[in-house]
Amino acid sequence: MWSSRAKEVLVSENSPLPAPLKLAELDRRRFLRLAGLSGAAVSLGGVLAGCKSGSSGGGGGGGGRTVKLGYVSPQTGSLAGFGEADNFILGGARAAFKDGLKIGGTSYPVAIVVKDSQSDPNRAAQVATELINTDKVDVMLVASTPETTNPVADQCEANGVPCISSVAPWQPWFFGRKGDPAKPFKWTWHFFWGLEDIIGVFQDMWGQVPNNQVTAALWPKDGDGDAWSDPKKGFPAVLVPRGYHFVDARFEDQADDFAAQVAKFRAAGADIVTGVPQPPDFATFWKQAAEAGFRPKIATVGKALLFPAFIEAMGPSAEGLSSEVWWSPTHPFRSSLTGATAKQLADDYTERTRRQWTQPIGFVHALFEVAADALERAGKLGDRQALAAAIRATDLRTIVGRISWAKGPVPNVAKTPLVGGQWRRGSSYPFELVIVSNSGAPGIPTAGRLQPIA
């Protein structure tokens, strides 16, 4: 059913991850090798192969036309951890769409055409252009960091193609693209949490451990780093008035030497480390910090500490690290596409891949939930204006929570809940993520409080 181009998905081998690496051995080259393997999850359906919602037609071929969904994510390169579960989700989505999608009373077969951004914004823009002009996709789906979501969304906005994105804080997605609340984007929509949410989660976790509020900040020179360090809207703007002192250290992505930053943080006596580096950059920093004798009480870092494969690769020094948690098996949500709960989806991933669940599973799945719902409500395949209106009118309960663009915080953005977690020694895996902060989403249960790094 799928064209050879549509099967461009990912590497298909189901190789096990290498044995845990010691931090001292986790240099950039080895990390990228590990990250490359982490994108090789098997593409089987399991729970996701459950029946499509009742609006799905049988047979899938009655329309004489195929619904084309374009999907872009970083499957290789320094951001490959975000795409680790892609094969699993894509296989499940294809199984869920096996009987087609009913639009305007007609059932149409569905093709998902997948492209790898290679963790490069220029490449992301290029493959988005290919999906628009060559593959003629009906709707674009894109995930994972502003370096991927923004260039893809920009191409869709310029070419009049409906686009749904996620897994990037909304401020760098919206304002990073020069968004104006008074002049909404016409073709691009985004769902995720914002800086206000992660600042609240981080502060709540930090308040659970006595500290001097001196905060070492690793701000990369990229879209996330610019937004998080913004003196008017970012971490300093909110937390300095609350008594925190930031010791800033900007750096270029893929840095090899953090000696200057470590020395600056150590001299300031920082009890807290925060920031939003890419995984290999944090690995380099954390190794050099240990060698220099810099050991903060708290290390709460966005982006870098999300993925169990990376945490396991860091070895013993990963114990006690903390980060944001956007999705987990304990989130009390269910898929509108398959009926699976968050726990069922995570358990199925582990059963099929023999790997620990990872946060992007829920959000990549939700992209297909929102796309299917909007296409069905659009009423006519190929009518981009109708599809854009349907996306704008979305009010859907998904595997990551309720998604609705009706309330803002700005046009084109829908927010999802956020909690905080800490990596601790596990029973089933070397490290397991324990939710320790739910002040902004009390419906998601916690399992303890933040503990200081030993």
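**Buried elements and sheet architecture in a predicted model**

In helix 2, the residues Asp86, Asn87, Phe88, Ile89, Leu90, Gly91, Gly92, Ala93, Arg94, Ala95 and Ala96 are buried. That is eleven of the eleven residues of the helix, which spans residues 86–96, so helix 2 is largely enclosed by the rest of the structure. The partners of these buried residues can be named: they pack against strand 1, strand 4, helix 12 (342–353) and helix 13.

The model is predicted, and the protein contains 14 helices and 17 strands. Of its 454 residues, 60% are buried. The accessible surface comes to about 16300 Å², with 50% of that area belonging to carbon and sulfur atoms. Contacts across the sequence are well represented: among those between residues at least 6 apart, 75% join residues at least 24 apart.

The mean pLDDT of the protein is 88, and 86% of its residues reach 70 or more. Over residues 1–61, however, the pLDDT is below 50, although this stretch has 164 contacts in the model beyond near neighbours in sequence. Where pLDDT is low, the predicted coordinates should not be read in detail.

One of the sheets is open and has six strands in the order 4-1-5-6-7-15, with parallel pairing. Its edges are strand 4 (110–116) and strand 15 (413–414), each of which pairs on one side only. Inside this sheet, strand 5 (residues 139–143) and strand 6 (residues 163–166) are joined in the parallel sense by four bridges, and Val142 stands opposite Ser165 in strand 6. Two helices can be followed on the sheet. Helix 3 (residues 121–133) packs there and touches strand 1 (67–73), strand 4 and strand 5, with its direction making about 155° with that of strand 4. Helix 13 (residues 360–378) also packs on the sheet, where its contacts are with strand 1, strand 4, strand 5, strand 6 and strand 7 (188–191); the direction of helix 13 makes about 165° with that of strand 5.

A polar atom of the Ser166 side chain lies 2.6 Å from the backbone oxygen of Phe191. Leaving aside residues up to four places away in sequence, Ser166 touches Val142, Ala143, Ser144, Thr149, His190, Phe191, Phe192, Phe363 and Leu367.

At the N-terminal end, helix 14 is capped by Asp383, which has a side-chain oxygen 3.2 Å from the backbone nitrogen of Gln385.

Strand 8 (residues 214–220) is another enclosed element. Seven of its seven residues are buried, so the strand is largely enclosed by the rest of the structure. In a regular strand the side chains alternate between the two faces of the sheet. In strand 8 both faces are covered: Val214, Ala216, Leu218 and Pro220 are buried on one side, and Thr215, Ala217 and Trp219 are buried on the other. Strand 8 runs parallel to strand 9 (residues 245–251), to which seven bridges join it; here Thr215 stands opposite Phe246. Strand 8 also pairs with strand 10 (residues 272–275) in the parallel sense, over four bridges, and the bridge partner of Leu218 in strand 10 is Gly275.

Four antiparallel bridges link strand 16 to strand 12 (residues 322–325), with Ser322 opposite Gln422. Strand 16 pairs with strand 17 (residues 431–437) as well, in the antiparallel sense over six bridges. In that pairing, Arg424 stands opposite Glu432. Strands 16 and 17 form a hairpin, with five residues between them.

Note on methods:
Residues numbered from 1 in each chain as written. Predicted model: local features only at pLDDT ≥ 70, side-chain atom pairs only at ≥ 80, totals over all residues. Heavy atoms only, no water. Buried < 20%, exposed > 50% of the residue type's maximum accessible area, 1.4 Å probe, protein only. Pairing = 2+ DSSP bridges. Contact = heavy atoms within 4.5 Å. Axes fitted to C-alpha atoms, helices over the stretch in contact; angles between N-to-C directions. Areas by Shrake-Rupley, 256 points an atom, 1.4 Å probe, with all protein chains shown as cover. pLDDT = per-residue confidence, 0-100. Polar contact = N/O pair within 3.5 Å; in protein donor to acceptor, adjacent residues only side chain to side chain.
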